[in-house]
Amino acid sequence: MATAEQQQQIEHVHLPVRGLTLHVAQAGKGELGTVVFLHGFPEIWYSWRHQMLAVAAAGYRAVAPDWRGYGLSDQPPEPEAAEYDDLVEDLLAILDALAVPKAFLVGKDFGAMPAYSFALCHPNRTCGVMCLGIPFGVNSSSLNTLPEGFYILRWAQPGRAEADFGKYDIRRVVRTIYILFSRNEIPIAKEDQEIMDLADLSTPLPEWFSEEDLDVYSSLYEKSGFRYPLQMPYRSMHQNKPIGDAKFQVPVFVVMGEKDYVFKIPGIESVMKDGSMEKHAPDLKITYIPEGSHFVQEQFPEFVNELLLSFLKDHPMAV
């Protein structure tokens, strides 16, 4: 967990964004530019605490929003109408509200998708993109080749996860998901199981994730609940558009933990290794972290910070 002194370096603002109030954590003065961190599930701004402090100390401004419907941000009026395009537009509005002309984007899990989309749609507002755990150009139809107990297929069913999660308190739900997603195996339930049955209270937390960290996550999901997070990403994946002939005009850096269960999902490893990403990103770098899990930025913060700062240093922006 970040120390109290470190936490004091992070300030919190609430911005009016497209009819909602979104929470944004930030740190640093930004002499060298701005880095925007985009979380996944079951995460929130706090997932980037280590990276925020590192880039702030190096002379950048760190900005980490809670997506709409997550953490301390407002719930959208119609969560079931969730669209990835809303996240891209929210991100643009956040940059405008903070008077940031151009930024580096760092995405994780589903946060990688709007990061890639933003870079393609707004190259003039993007310095570069670094994404953890999710390459671009993956065909989501490959998910249908997995058993019906695959967690994404289960959670895509309206009401299924709500009934499963509803048997436990929020802390237990977040705890279980963190444990499952930290493993090397894809979370798949048997026919007579639900996803929450795949770990119990005797299962230890990952050694790099403290009870205090769990307290922070739990308190924020107590506020937001899971209504929107289940829509975005799990019930919105069909919206992902094929990349087609799109080409990135900015540097792209993809980092994958080799012990990340996502690496085993059909289509992920082939996209990472068959050269198809290079067709869309002329300036592409790929790095593997041998023991890295799905939460590599929390598991190995110093190593990820080193990779991130090196990427930023290699692509200085004019300020």
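This is a predicted model: local features need pLDDT of at least 70, side-chain atom pairs count only at pLDDT 80 or more; totals for chains, interfaces and linings use all residues.

Buried here means under 20% relative accessible area, as against exposed at over 50% and partly exposed in between, calculated with a 1.4 Å probe on protein chains only. Strand 7 covers residues 252-257 and is mostly covered, with six of its six residues buried.

Residues are numbered from 1 along each chain as its sequence is written, and side-chain values use heavy atoms, with hydrogens and water left out. Helices (H or I, at least four residues) and strands (E, at least two) are DSSP runs, numbered from the N terminus.

Which strands pair with strand 7? On one hand there is strand 6, residues 126-132, which runs parallel to strand 7 and is joined to it by four bridges; M130 stands opposite F253 in this pairing. On the other hand there is strand 8, residues 284-289, which pairs with strand 7 in the parallel sense over six bridges, and there V252 has L284 as its bridge partner. Two strands are said to pair if DSSP finds at least two bridges between them.

Moving along, strand 5 (residues 103-108) and strand 6 also pair in the parallel sense, over six bridges, with V129 of strand 6 as the bridge partner of L105. Taken as a whole, this is an open sheet of eight strands in the order 1-2-4-3-5-6-7-8, with mixed pairing. The edge strands are strand 1 (11-17) and strand 8, each of which pairs on one side only, and the twist averages 20° from one strand to the next.

**Helices 3 and 4**

Next, the helices that lie on this sheet. Helix 3 lies across strand 1, strand 2 (20-27), strand 3 (34-38), strand 4 (61-65) and strand 5, running at about 115° to strand 1, whereas helix 4 lies across strand 3, strand 5, strand 6 and strand 7, running at about 155° to strand 6. The axes are lines fitted to C-alpha atoms, for helices over the stretch in contact, and the angles run from 0 to 180 degrees between N-to-C directions.

How do these two helices meet? The axes of helix 3 (residues 84-97) and helix 4 (residues 112-121) come within 9 Å and cross at roughly 65°, and helix 3 and helix 4 are therefore roughly perpendicular to each other. For reference, angles under 35 degrees count as roughly parallel, over 145 as roughly antiparallel, 65 to 115 as roughly perpendicular and the rest as oblique. The contact, meaning heavy atoms within 4.5 Å, is made by Y84, L87, V88, L91, L92 and L95 of helix 3 and by M113, P114, S117 and F118 of helix 4. By class, this contact of helix 3 with helix 4 has nine nonpolar, one polar and no charged residues; Ala, Val, Leu, Ile, Met, Phe, Trp, Tyr, Cys and Pro count as nonpolar, Asp, Glu, Lys and Arg as charged, and the others, Gly among them, as polar.

Just after helix 2, G59 takes a positive phi of about 105°.

Helix 2 packs against helix 13 (residues 301-314) at an angle of about 45°, with their axes 10 Å apart, and that makes helix 2 oblique to helix 13. Here the contact is made by H50, Q51, A54 and V55 of helix 2 and P301, V304, N305, L308, L309 and L312 of helix 13, which divide into seven nonpolar, three polar and no charged residues.

I will finish with Q297, which is placed in helix 12 (residues 296-299). Is Q297 buried or exposed? Q297 is buried, with a relative accessible area of 0%. Leaving aside its neighbours within four places in sequence, Q297 is in contact with E43, S47, W48, H50, Q51, K108, L132 and V304.
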